[in-house]
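Open the model in your viewer and keep the selection panel at hand. The stops below follow one another, each with something to select.

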Amino acid sequence: SGRTLLVVGDVMGHGVRAAAAMSEYRSLLRALALQGLAPDRLLTEADRTAHALDLDRVATCVLALLDPAAERAVLATAGHVPPLLVRPDSDAELADLPVGPPLGTGSGGYAARHCPLPSGSLLLAYTDGLVERRGQDIDTGLAALTATPVAARHALPDVLNTVLDRLAPGNSEDDVTLLAART
């Protein structure tokens, strides 16, 4: 139907065990996505399943179901930082999303939000390593991301380079993942 589901996630911890847990979450989300579930329902099922499997780490993630024909996205998050939306001829803004608990807690309680994304819009999903610094409020990093000079018309490699050059720390304690998509 021309729709695309984008997922960016972050498992708690570092090292081999964290990488193995991320692989389990990736496989779980991929299998559930094949069922065609709405993003909030997908998170609910992923949380329930991860909790039942007793995965040893929790994970955050944001889901963005892009529907270019409808010029919208359906977004949902499990304890993850909100994506940045850049619409043509508009300032960048963080998606205003209800935040559910991280996956694997068994808490449930996920909600989705429909966001208009006209043709040519840009969506940036990322991990908190891009905007979070020790000793600094995360809102400072989120404000810096929102103020980064990117426009919907910019080439995706240029957008990625601009954001990473301005925000990615040189020697971070956390990983940085950045995903850019244009409708």
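Helices (H or I, at least four residues) and strands (E, at least two) are DSSP runs, numbered from the N terminus. This is a predicted model, in which local features need pLDDT of at least 70, side-chain atom pairs count only at pLDDT 80 or more, and totals for chains, interfaces and linings use all residues. Residues are numbered from 1 along each chain as its sequence is written, and side-chain values use heavy atoms, with hydrogens and water left out.

**Stop 1: Leu-84**

Select Leu-84, which lies in strand S4. Is Leu-84 buried or exposed? Its relative accessibility is 0%, so Leu-84 counts as buried (buried is under 20% relative accessible area, exposed over 50%, partly exposed in between, with a 1.4 Å probe and protein chains only). Leaving aside residues up to four places away in sequence, Leu-84 touches Ala-92, Glu-93, Leu-94, Leu-122, Leu-123, Leu-124, Tyr-126, Leu-145 and Thr-146; contact means heavy atoms within 4.5 Å.

**Stop 2: the sheet**

Now select strand S4 (residues 84-86) and strand S8 (residues 122-126), which run antiparallel and are joined by three bridges. Two strands pair if DSSP finds at least two bridges between them. Opposite Leu-84 stands Leu-124 in S8.

**Stop 3: H1 and H2**

Select helix H1 (residues 15-33) and helix H2 (residues 39-53). They pack at an angle of about 135°, their axes 10 Å apart. H1 and H2 are therefore oblique to each other (under 35 degrees is roughly parallel, over 145 roughly antiparallel, 65 to 115 roughly perpendicular, the rest oblique). Show the side chains in the contact: Tyr-25, Leu-28, Leu-29, Leu-32 and Ala-33 from H1, with Leu-42, Glu-45, Ala-46, Thr-49 and Ala-50 from H2.

**Stop 4: Pro-101**

Finish at Pro-101, in the loop between strand S6 (99-100) and strand S7 (112-116). With 21% relative accessibility, Pro-101 counts as partly exposed. Pro-101 and His-80 are 21 residues apart in sequence and 8.7 Å apart in space, C-alpha to C-alpha.

Terms used:
Axes are lines fitted to C-alpha atoms, for helices over the stretch in contact, and angles run from 0 to 180 degrees between N-to-C directions.
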